[in-house]
Amino acid sequence: MKHTLVVYASRYGYTRRYAQWIAEQLGCCAVEARQVRAEQLAACEVLVYGGGLYAGGLNGAKKILADPCALAGKELVLFTCGLADPADEPTREHIRAGLAKTLPEPVMGQAHLFFLRGGMDYARLSLVHRAMMAMLRRMLLKKPEAERTGQDKDLLATYGQSVDFVEPETARPLVELVQGL
């Protein structure tokens with residue numbers, strides 16, 4: 001197997017749990033994005049990057065994925081971790097569209113994408129994230145019920161609660177892809 005590195009950005013711990021499980025399955029290191037060293041990135045042949053989804057963007061991605069030249073010649077595997085159910089095709093399309101707006105085109109073109117479901121504990125949210133979720137909830141409540149997406153309904157149903165949808169085995173296809181590279 002090629003030299004692999006798992007890098008992740010996790011604000012509330014859901015992405016970290018997936019990253020650690022993936023690294024364990026692959027027999028490699030999992031390193032937080034803010035702690036990864038340039039020589040670690042340069043040495044790997046396969047970079048697995050995971051981040052939480054925030055307002056359409058991938059947490060920490062700008063630091064690690066901003067320079068397509070630094071990623072040239074590497075296999076790039078990205079996984080997202082969010083509250084919405086990625087089994088829902090419109091949700092996956094929404095995530096892809098958000099990533100396409102925030103990541104450089106060469107990065108999107110070379111990346112293998114995986115969508116994993118995380119969780120949310122409203123009691124642990126930062127004040128800013130709590131305010132953003134409250135605004136989003138108000139917007140969704142104004143939307144006619146018939147026009148609400150599955151993602152909208154999931155958010156409204158779980159608002160204010162602690163929910164944890166992390167199932168490491170859902171990352172098995174990612175692990176198998178990396179093992180086959």
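This is a predicted model: local features need pLDDT of at least 70, side-chain atom pairs count only at pLDDT 80 or more; totals for chains, interfaces and linings use all residues.
## Basis of the model

Local features need pLDDT of at least 70 and side-chain atom pairs count only at pLDDT 80 or more, while totals for chains, interfaces and linings use all residues. Residues are numbered from 1 along each chain as its sequence is written, and side-chain values use heavy atoms, without hydrogens and water.

## Second largest pocket

The second largest pocket holds about 190 Å³ of space. A pocket is an open set of points on a 1 Å grid over the protein atoms alone, where a 1.4 Å probe fits, with protein on both sides within 12 Å along at least five of seven lines; lining residues have an atom within 4 Å of a point. The volume is the space filled by probe spheres set on the points.

Among the lining residues are Y18, D85, R117, F165 and E167. By class, eight are nonpolar, one is polar and three are charged. Strand 6 (residues 111–117) contributes the most, with four residues; strands are DSSP E runs of at least two residues, numbered from the N terminus.

## Strand 6

Strand 6 is largely enclosed by the rest of the structure, because five of its seven residues are buried (under 20% relative accessible area, 1.4 Å probe, protein chains only). Strand 5 (residues 75–82) runs parallel to strand 6, joined by seven bridges; strands pair if DSSP finds at least two bridges between them. C81 has L116 of strand 6 as its bridge partner.

## Strand 1

In strand 1 (residues 4–9), six of six residues are buried. T4, V6 and Y8 point one way, and L5, V7 and A9 the other. Six bridges join strand 1 to the parallel strand 3 (residues 46–54), where L47 is the bridge partner of L5.

Notes: Ala, Val, Leu, Ile, Met, Phe, Trp, Tyr, Cys and Pro count as nonpolar, Asp, Glu, Lys and Arg as charged, and the others, Gly among them, as polar. Buried means under 20% relative accessible area, exposed over 50%, partly exposed in between (1.4 Å probe, protein chains only).
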